[in-house]
Amino acid sequence: IILVLISSLTFLAISSSANAIKVGALYLDTAGFFGEIKVGIEAAGAEEGIDLTGANSQSDVAKESEFIDTLIAKGVDVVVMSPVSTDSSVAAVERLAEAGIPVVCYNTCLNDDDAKRLAYALVTTSQRELGFPVGVMAGEWAIKAEIDLKIGIHNCNRYEACQEREDGFIDGLKSTGVNFEVVNNQEAFANDKATQIGTDMLIANPEINLMYAANEGGTIGAVNAVVAAGQQGSTFVMGTDTTAELLNMLLDGEILLAVNSQFPRDMGAGAMKAAIKAVKGEKIDQYVQLTPTKLYTSVDRLAVAKWLSEH
């Protein structure tokens, strides 16, 4: 499957008919996760017929705001989005509400009060559950290997969801009783930047024997950093999300030991289904709708191969 994502504020419209539901979709970046979200949105909207206009905000509030104004001018019926900021994105979403355009959040949303006031639904993953099983696996792995963990973390804690993932990871470690210390913890969630930060981290703290990353780009960067710092065999990585690149790293088995995956296609489809209900004025059973997670490991090669064959 070839996934095509739009560059910043370059719009892509997919029209089904003159009477199609006009949907605006906002993606935080061009990573594989958001490509899978887009596939889910399109698949769920296919039966209804949608006119989809999407753009990549590049995690920039100004770009997000500009895109939302364009959608209002276009006269979309509904917007599905992963807001850049829990607080700074509120003003732009307020303008959608004033225009009578419902909003469905996926992945991230606004702060709790504004989200419940302005968003029709939030389709997401239990962020704590993205981190907790990884922490449990890390602790059990270290206990079996009879080592104390010296941990470096690539965080994306500007997003509340990422802080919850990290908290879940730490709680998972604690639940095993393993001895551990977080010796370095820095924001590093874009692949290139995460590679450089991770390399510097390992050079400064060569005792780090486990890197944990709370998102896809941070995980890729952590693996690259281990190679760049020459720490193969002494530093390992556990992280978040699944892409073909990450799962091939799992199959290699030299550095990446585990990733806990969201199901972005399901998330995108759930957001689109909620958006259609919003346009039709239908009620939903619950505001927060959770999609599942699954832990993929370098040991369970059949599960990894199955994912790769399906994507």
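Student: Between which two elements does the loop that holds Asn-107 lie?

Tutor: This is a predicted model, in which local features need pLDDT of at least 70, side-chain atom pairs count only at pLDDT 80 or more, and totals for chains, interfaces and linings use all residues. Residues are numbered from 1 along each chain as its sequence is written, and side-chain values use heavy atoms, with hydrogens and water left out. Helices (H or I, at least four residues) and strands (E, at least two) are DSSP runs, numbered from the N terminus. The loop of Asn-107 lies between β5 (103-106) and α4 (112-118).

Student: Is Asn-107 buried or exposed?

Tutor: Buried means under 20% relative accessible area, exposed over 50%, and partly exposed in between (1.4 Å probe, protein chains only). Asn-107 has a relative accessible area of 8%, so this residue is buried.

Student: What is the phi of Glu-146?

Tutor: Glu-146 is found in the loop between α5 (127-145) and β7 (149-155). With a relative accessible area of 74%, Glu-146 is exposed. Although Glu-146 is not a glycine, its phi is positive, at about 60 degrees.

Student: What share of the contacts with a separation of 6 or more joins residues 24 or more positions apart?

Tutor: Contact means heavy atoms within 4.5 Å. Among contacts with a separation of 6 or more, the share from residues 24 or more positions apart is 76%.

Student: How many of the 13 residues of α8 are buried?

Tutor: Helix α8 (residues 216-228) reaches 18 Å from its first C-alpha to its last, close to the 18 Å expected (1.5 Å times one less than its number of residues). Helix α8 is largely enclosed by the rest of the structure, because its buried residues number ten.

Student: How far apart are the C-alpha atoms of Glu-187 and Cys-156?

Tutor: Glu-187 has its place in strand β8 (residues 180-187) and counts as partly exposed at 27% relative accessibility. Leaving aside neighbours within four places in sequence, Glu-187 is in contact with Asn-155, Arg-158 and Ile-197. Glu-187 and Cys-156 are 31 residues apart in sequence, and the distance between their C-alpha atoms is 5.4 Å.

Student: Which residue with a positive phi follows α10?

Tutor: Helix α10 (residues 264-279) has 16 residues and should span 22 Å, which agrees with the 22 Å between its end C-alpha atoms. Among its buried residues are Pro-264, Met-267 and Met-272. After α10 comes a residue with a positive phi, near 75 degrees, and that residue is Gly-281.
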